Structures are given as structure tokens and as C-alpha cells.
Amino acid sequence: MSAVAESTRTGTPPATPPDDSALARAGAWARRAPLLPALIFMIIITQLPFLVTLGISFMNWNAYYPDEIGFNGLDNYRRVLTDANTRSAIVVTVILTVSVVLISLILGLLIALLLDRQFRGRGVVRTMMITPFLIVPVAAALLWKHALLNPEYGLFNGVLRWVGNLFGQNWPQPDWISQAPLWAIIAALVWQWTPFMMLILLAGLQSRPLDVVEAAKIDGATSWQIFWNMTFPHLRQYIELSALLGSVYVVQNFDAVFVITAGGLGTANLPYVIYQLFYTAHEYGRASAAGVIVVIATIIIATFALRTVSTLFREETR
Amino acid sequence: MSAIASATTPGTQQAQRIQHRKKPRSAIVLSGTAWVVGILFVLPVLWMVLTSFHSEPDAAKNPPALFAPLSVEGYKTFFDSGPWPPLLNSLTASVLSTVLVLLLAFPAAYALSIKPVKKWTDVLFFFLSTKMLPVVAGLLPLYLFAQAVNVLDNIWYLLILYTSMNLPIVVWMLRSFLAEVPVEMLEAAQLDGAGLIRTLRSIIAPVVLPGIAAAALISFIFSWNELLFARVLTGTAAQTAPVFLTGFVTSQGLFLAKVCAASLVVSLPVLIAGFAAQDKLVQGLSLGAVR
């Protein structure tokens with residue numbers, strides 16, 4: 001948890017002020033008091049369990065074999081990193097996260113640019129765009145699996161047949177989920193996450209100093225010049241922010257994998273594999289080791305995310 | 001959306017009008033594209049609505065039976081299958097955890113903005129970093145603890161975990177709202193001898209109430225959506241709506257209409273909360289970093 005450690009290194013309750021008169025001390029505690037319930041609550045519920053996970057990750061612990069519980073060093077890590085299932089899960093997690101974030105970021109940027117103009121019904125289009133994000137993730141996954149991608153009665157194949165019939169042709173009816181299981185999950189997630197990216201990028205676009213853009217227009221700059229030299233640099237930190245926050249959420253995705261393929265067809269990602277190791281196989285030691293690996297991977301992303309947020313934050317509070 | 005409002009000042013509008021006159025065709029194409037993209041994104045939801053009002057045989061037709069007679073059969077099946085306990089569990093967990101989040105977050109946000117403690121940015125970033133910690137990494141200890149103290153399948157335990165899930169977001173949001181409270185007015189109130197309660201009510205509340213509402217709605221949405229904790233930590237008694245939904249698909253017979261109906265009913269509270277919080281959604285999702 002280096003990211004956490006880094007940001008809290010100096011954040012531990014400040015030592016008693018140097019001018020330690022009793023009054024100053026009482027004042028400092030009066031200031032701190034409103035903060036303490038939330039802080040203590042978060043430490044107990046998010047930090048303690050992780051320390052326990054770290055401890056269990058060095059133990060041989062399967063709930064089915066309670067007699068064999070004991071310390072086994074790095075064995076769990078060795079097994080997790082050499083096991084074909086978890087290795088494939090690592091690859092799947094990377095592919096899933098990178099493609100969902102990249103595709104929805106690019107789509108989100110294009111749509112945000114489209115919506116950053118005055119036109120009739122802009123509010124309606126914006127509302128329509130947000131809707132996918134407001135469907136419960138489980139419901140969205142069910143919708144994609146059954147109502148859209150089902151080979152017999154899904155909307156995709158329905159439209160294919162309907163359009164094919166118009167041309168008097170009998171187009172093939174692909175079984176999307178078994179032919180491209182990972183892409184089915186990616187499609188469902190892109191549909192839900194594009195609005196997220198779009199919202200943040202649109203907010204970024206609208207915080208752009210308009211007078212400068214107007215001035216550039218009057219000076220005869222082309223739209224492309226304005227985009228590349230003014231809009232894009234301004235937007236960069238918003239792009240970073242949405243990509244990083246998106247990654248933090250998508251890395252942890254469980255719902256879509258659970259509903260659409262139940263981890264089958266080579267689509268199990270790390271959260272799903274950990275869920276299986278712990279919930280189905282009761283391999284507590286190995287599940288914990290895999291959990292620690294996910295945390296380490298997330299910290300790498302999170303460190304960048306925290307840095308980006310703190311840049312934005314400093315600009316805002318300046 | 002103050003940014004939109006400020007973008008429609010007369011001057012800009014005029015500038016835009018001039019631009020429109022200059023290249024009307026590209027403007028029409030761009031607006032048309034925006035409409036088409038918006039419709040494409042909302043289409044699956046519209047399809048879900050239409051399918052939910054079809055009979056099962058009509059819902060399973062290929063090519064799709066767009067104009068089949070409407071029916072509430074799907075909804076009937078859903079409401080006959082005992083959805084109220086899970087829906088009520090979800091409501092309890094989401095509403096009460098949101099109340100708890102606000103009770104913990106408001107004082108914390110106050111101590112991080114209006115009367116900041118030393119090193120307040122570090123504290124703020126500690127809250128944020130907990131949000132980046134994958135849920136799945138703490139799941140096993142939370143499960144073992146629940147087993148040990150006998151709170152498995154207990155909605156109160158789930159509710160406390162949801163509180164920890166949303167507390168960082170809400171602290172960040174409320175802090176950014178509290179930071180907008182004018183300091184001069186606070187000082188003036190203090191000089192006038194206004195007490196804490198009066199200051200809270202007459203100066204802080206008007207600025208912060210919209211923010212509290214938005215933060216509450218976002219916290220509600222995330223709790224309502226949650227699946228992994230609920231799946232692992234609840235059984236039959238404390239089952240939540242998303243878990244109920246995953247078990248709703250049967251392998252026998254036709255089920256599309258009732259699944260669509262169920263998905264819509266379960267999503268309805270989120271849709272309402274989301275549209276209500278639309279303008280503040282960005283700020284919540286970006287942890288207050290973007291306004």
C-alpha cells in the first residue's frame with residue numbers, strides 16, 4: 001500500500017504543537033474531533049481487513065482441510081503466479097481494462113466534442129447518453145447477454161435477419177457470446193462507461209476559457225488548430241483523470257463477467273478468480289495471495305490517479 | 001450547469017449564429033451525428049422497455065416483433081416471484097448507509113475545509129486512496145469476521161460496508177461544496193456573535209444543501225448497484241435486489257420479457273436518482289475533482 005503510505009506519511013495525527021500550552025492542544029483536538037469518527041471508521045473497515053489478507057496470503061489455509069492450516073511462506077504466491085488459471089486471469093484483466101478504458105475514452109471524447117456545441121435538443125441528447133450509466137450493472141449485463149446478444153432472439157441477430165430479409169438474403173446469425181466472449185463483455189462495459197468518460201470530458205471542455213478560443217477564431221485559426229493547440233492541452237488532465245478513474249473501476253469489475261459468461265470461455269478476470277478461489281474452492285491462502293497481487297497492480301494505477309487528482313486539486317484550491 | 005448558462009450569453013450566441021450562417025451544412029451534420037449517437041446509446045434501454053411489455057413468445061421472435069400487442073405478463077411474473085424482500089433489503093441498505101455516510105462525512109468535510117486541521121490534504125488523499133483499494137482484496141477477512149461474530153446474511157453488516165464504500169466519495173464532494181462557503185460571511189457571523197447552529201443554518205446550509213442532496217443520491221446509487229459484497233455476505237434473509245436479479249434467469253422456457261421487466265424495476269430507483277442528480281453527477285464520479 002505504498003500509495004496510501006505515501007500520501008499519509010505526513011498525514012498521521014500531527015504531533016502536539018510545539019507551543020504546547022494546554023489551551024492550544026485543546027483547540028487542536030477540538031478541530032480534529034469532527035474528523036475522527038470518519039477517519040477511524042475508514043481505517044477499521046478498509047485497512048485492517050487488508051492487513052489480515054496480507055497475513056493469510058502467507059498461510060496454507062483451505063477451509064475444507066482445517067488440520068493443515070499453517071505458515072507456508074511464499075508458496076501461495078508461487079502457486080498463484082504459476083497456475084494457468086490465474087495467469088490467464090491476469091492477461092484477461094489487462095486486456096479487459098485497457099480495451100474498455102481506451103474505447104470508451106475515445107468514444108467519450110468524440111461525443112463530448114459533439115455535445116460541446118449549441119444545437120436543438122442538446123439537453124435531450126445528453127440525457128439519452130447518460131442513461132446507460134444509470135442501469136444497474138447486473139441489469140445491464142443481463143440486457144446484453146439475453147436481449148441483445150442471444151443468438152436466437154437477441155436484437156443484434158434480429159436486426160441482421162430483418163435487414164437481410166429486406167435484401168432478400170439470409171445472413172448468418174452469429175452466436176456472439178460463444179464466438180467472442182471477451183468482446184461481449186467489453187461491449188457491455190463500453191456501453192456503460194462511455195457516458196462516464198463523456199461527462200468528465202464535457203465538463204473539461206466547458207471549463208475551457210472561451211474568450212481565448214473566440215480570439216483565436218477571429219485571428220483565423222482553423223478548427224483543427226484550435227483543437228490541437230488549445231483544447232487538447234487543456235483537456236489532457238481531464239483525459240488522464242477519466243482514464244485513471246475508469247481503470248480503477250474497471251480493474252475491479254465483477255458484475256459483467258459474473259453475469260455474461262460466469263467466468264467461462266476464458267473470460268475470468270482477477271476479481272472473478274479470487275471470488276472463485278475463496279467462495280467456491282475455499283482456498284483462503286491462495287485467494288489472499290491473488291488479492292495482494294491485485295492490490296499491487298492497482299497501486300500502480302492509483303499512484304498515477306492520485307497524482308492527477310492532486311494536480312487538478314491544487315489548481316482548484318489555488 | 002453554470003458553464004452552459006455562461007456559454008449562452010448573447011455575445012457567444014451571436015458568434016455562433018454567424019458561424020452557422022457560414023457553414024450550415026457541417027453544423028447540421030454534426031448535430032445530426034450527435035442525435036444518432038445519443039439514440040444508439042439509449043436504444044438498448046428502449047428495447048428493454050418494449051420487450052418488458054411484450055408477451056414471452058413475442059419477446060422471443062426473430063426478426064423482432066416490434067408491433068406485437070402489449071402485455072404486463074412479464075411484470076406480473078416478476079412481482080409474483082417474491083421480489084419485495086430483496087427490494088426492501090436494497091432500500092434499507094442504500095438509504096440507511098447513505099444516512100450514516102452523511103452523518104460521518106459532514107463533520108469530516110467541515111474539519112477539512114472550513115476549520116481545516118493540520119495536514120488536511122493528506123487526510124483527504126487518504127480517504128481517496130481507500131477508494132482505490134480493490135474490494136476483492138478485503139473480502140475474505142470481512143467474510144471470516146462476519147462468520148465469527150455471526151452476522152453473515154445480515155443487512156446491517158452489508159449496510160456498514162456500503163458506508164465505507166461511499167464515505168470517501170461523499171467526503172470529497174462535501175468538502176468541495178463547503179469550500180465554496182464565503183469565509184468573510186463566516187467571520188462576520190462570528191463577530192456578530194452567531195452560534196454554531198445559527199451559522200450552520202443561515203450561512204452554510206444554503207450553499208451546501210444542493211451538494212448534500214447530490215452526494216446522497218450518488219451514495220444511494222452505488223449502494224443499490226453493489227453485487228460482490230451482497231453476493232458473498234448475504235444468503236436468503238438479507239438478499240439484495242441485484243443478487244435476486246442474477247438468480248432470476250431460469251434455464252427452462254422463455255424468460256426474456258420477465259427478465260427485462262425485472263431489470264427495469266430494479267434499475268428504476270437508480271434512473272430516478274441519477275436524473276435527479278444529473279448536474280452534480282460529474283462532480284461525484286470524479287470525486288469532486290471536476291465541477
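Me: Which side chain does R286(A) meet in a salt bridge?
Reply: That would be E283(A), with an N to O distance of 3.6 Å. Keep in mind that this is a predicted model.

Me: And are R286(A) and E283(A) buried or exposed?
Reply: Both of them are buried.

Me: Where does N76(A) sit?
Reply: In helix α4 of chain A, which covers residues 75–82. N76(A) counts as buried because its relative accessibility is 4%, and the cut-off for buried is under 20%.

Me: Back to charges. How many salt bridges are there over all chains?
Reply: The count comes to five. Another one joins the side chains of D116(A) and R208(A), at 2.6 Å from N to O.

Me: What does the D116(A) and R208(A) pair tie together?
Reply: Parts of chain A that are 92 residues apart in sequence, because D116(A) lies in the loop between α5 (84–115) and α6 (122–130), and R208(A) in the loop between α10 (181–206) and α11 (210–218).

Me: Is R208(A) buried or exposed?
Reply: R208(A) counts as buried, because its relative accessibility is 14%.

Me: Which residue does E240(A) pair with?
Reply: With R236(A): their side chains form a salt bridge of 3.4 Å, N to O.

Me: How accessible are E240(A) and R236(A)?
Reply: E240(A) has 31% relative accessibility, so it counts as partly exposed. R236(A) is at 48%, so that residue counts as partly exposed too.

Me: OK, switching to chain B. Which residues make the nonpolar surface patch?
Reply: L88(B), L91(B), V95(B), L96(B), V99(B), L100(B), L103(B), W156(B) and I160(B), with an area of about 780 Å². The elements giving two or more residues to the patch are α6 (84–113) and α9 (155–178) of chain B.

Me: Which element gives the most to that patch?
Reply: α6(B), with seven residues. L103(B) is in that helix, and at 60% relative accessibility L103(B) counts as exposed, because the cut-off is over 50%.

Me: Now the holes. How many cavities of 30 Å³ or more are there?
Reply: Nine. The largest cavity has a volume of about 940 Å³. It is lined by 41 residues, and those closest to its centre are Y249(A), Q252(A), K131(B), V135(B) and M165(B).

Me: Where does the largest share of that cavity's lining come from?
Reply: From α9(B), which gives six residues to the lining of the largest cavity.

Me: And what's the volume of the second largest pocket?
Reply: About 530 Å³. Of its 25 lining residues, Y110(B), I114(B), K115(B), L186(B) and I204(B) are the closest to its centre.

Me: Which elements give two or more residues to the lining of the second largest pocket?
Reply: Four helices of chain B: α6, α9, α10 (183–191) and α11 (196–225).

How values were computed
Residues numbered from 1 in each chain as written. Chains lettered and ligands numbered in written order. Predicted model: local features only at pLDDT ≥ 70, side-chain atom pairs only at ≥ 80, totals over all residues. Heavy atoms only, no water. Patch = residues over 30% accessible without salt bridge, like charges linked within 9 Å, V, L, I, M, F, W, Y side chains within 5 Å. Areas by Shrake-Rupley, 256 points an atom, 1.4 Å probe, with all protein chains shown as cover. Salt bridge = Lys/Arg side-chain N within 4 Å of Asp/Glu carboxyl O. Buried < 20%, exposed > 50% of the residue type's maximum accessible area, 1.4 Å probe, protein only. 1 Å grid on protein atoms, 1.4 Å probe; cavity = no way out; pocket = protein on both sides within 12 Å on 5 of 7 lines; lining within 4 Å. Points joined across faces, edges and corners; volume = space filled by probe spheres on them.
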